[in-house]
Amino acid sequence: MNIDWSNLSFSYLDTDYNVRCYYRNGKWGELEVSSSNQINIHMAATALHYGQEAFEGLKAYRGKDDKIRIFRVEENARRMLSSSKGIMMAEVPEALFVEAVKKAVSLNKRFVPPYESGASLYIRPLLIGTGPKVGVQPADEYLFLVFVTPVGPYFKEGFKLTSVAVMREYDRAAPRGTGNIKVGGNYAAGLRAGMLAKEKGYSAVLYLDSREKKYIDECGPANFFGIKDNTYITPESRSILPSITNKSLVQLAKDMGLKTEIRPIPFDEVDTFEEVGQCGTAAVISPVGRIDDLDNNKSYSFSKDGEPGPVTKKLYHKLRALQYGDEPDPYGWVTILE
Ligand SMILES: Cc1ncc(COP(=O)(O)O)c(C=O)c1O
C-alpha cells in the first residue's frame with residue numbers, strides 16, 4: 001500500500017472492507033463483512049425514488065501512542081436514529097451502529113493515517129430504503145452500511161480564514177422540513193447554491209432562515225458560531241443539523257470560561273462579532289474572515305491581520321488535542337479501539 005498520507009484530500013479511496021446489515025421481515029440481521037464497493041438493490045427501492053436515505057459522518061484518529069480513537073460515535077448513532085424516525089425508515093439500534101462503526105474501523109486499521117500526517121479516517125454510515133415501492137410510502141426493507149476512507153487534513157496550508165456568501169435566492173431546508181436530520185435530500189437541495197458559491201470563490205453558503213431571511217441558520221455543511229464579549233454564540237433553529245462538533249465546542253468554550261448562548265441570531269448582529277467560524281467533522285473549525293451579503297453588496301470582516309482570532313484558535317487546538325488523544329478525555333467522548 002502506497003498512500004501519500006500528507007497529501008490526501010477529502011475524497012473517496014477504496015479500503016479493504018465495509019460492513020453491512022439488512023433489515024428484512026421486521027428485524028435486523030447479522031453484521032456482514034464485505035470487500036466489495038458495490039451494492040445490489042432493487043430498481044424500485046425507495047432510496048432511489050423517494051429519498052429514503054440518511055447518512056452520518058465521523059472520524060477515527062491515530063494518536064501519538066498509536067491508539068485509534070473514534071470521536072463521539074454514540075452521538076452519531078442517536079442522530080441517525082432521529083434521521084430514520086424523520087423519514088420513516090427502520091431504526092438502527094445504537095448498539096448495532098456503534099458495533100458496525102468499530103468493526104469497519106477495526107477491519108481497516110491500516111488505512112488510519114499516521115499521527116504526524118494530521119490526516120484521519122472518515123467513517124460514513126449509510127441507511128437506505130432498499131425495498132421496492134411504486135406508491136409513495138416507506139420501504140419494508142433497509143440496508144445499513146458503514147464504509148471508511150482516509151482523508152487529509154482539511155487545511156493543507158494550515159488553519160486558514162475563508163469567506164462565506166449570503167444568497168437569499170436559495171433555501172437549504174424548509175422551516176419545518178428535514179433540515180434538522182441528516183438526509184440526502186437536504187444536500188441535493190443545497191447543491192446548486194453550494195456550487196455557485198464555490199465558483200465565486202466562497203467556501204460555503206451562509207443560509208438564513210427560509211421563512212423570514214432574518215436569522216442565521218447554518219453554513220452549507222457546517223454549523224455557524226460567533227464570538228463576542230467572551231461569549232460563544234450559536235444559532236437555535238429547527239432547520240439546522242445539530243452538529244456534534246458544535247455541541248463539543250459549546251462544552252469546551254464553557255471549560256475555557258466563556259459564556260455560551262444558543263439562541264436565534266439575527267443576521268444584523270454579525271456586525272458585532274469579533275470572530276466567526278463554521279464547525280463540523282470535516283474541518284473541526286473553519287474560521288470565517290469575511291461574510292459577503294451578495295444581495296446587498298455588503299461585506300463584514302472578522303480579522304484585522306488575516307489570521308483566525310484567538311478564541312477560535314484555542315477552541316480548534318483544544319478539540320483536536322482531544323480527538324488525537326494528546327490531552328485527557330474528561331467527558332468520555334472518545335472510544336479507543338481495542
Ligand atoms: C448540514 C450540516 N450541518 C452541520 C454539520 C456538522 O455536523 P458535525 O459536527 O456533527 O459533523 C454537517 C456535517 O455533518 C452538516 O452536513
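**The largest pocket**

The largest pocket lies between domain 1 (5–151) and domain 2 (162–324), because both of them give residues to its lining; the domain bounds come from an automatic or database domain assignment. This is a predicted model, in which local features need pLDDT of at least 70 and side-chain atom pairs count only at pLDDT 80 or more, while totals for chains, interfaces and linings use all residues. Residues are numbered from 1 along each chain as its sequence is written, and side-chain values use heavy atoms, with hydrogens and water left out.

The volume of the largest pocket is about 980 Å³, a volume being the space filled by probe spheres set on grid points that are joined across faces, edges and corners. A pocket here is an open set of points, on a 1 Å grid over the protein atoms alone, where a 1.4 Å probe fits, with protein on both sides within 12 Å along at least five of seven lines, and lining residues have an atom within 4 Å of a point.

The lining comprises 40 residues, and those nearest the centre of the pocket are Tyr-187, Gly-220, Pro-221, Ala-222 and Ala-282. Helix 4 (184–199) is one of the elements that supply at least two lining residues each, others including strand 7 (120–129) and strand 16 (284–293); helices (H or I, at least four residues) and strands (E, at least two) are DSSP runs, numbered from the N terminus. With seven residues, helix 4 gives the most to this lining.

By class, the lining has 20 nonpolar, 14 polar and six charged residues, where Ala, Val, Leu, Ile, Met, Phe, Trp, Tyr, Cys and Pro count as nonpolar, Asp, Glu, Lys and Arg as charged, and the others, Gly among them, as polar.
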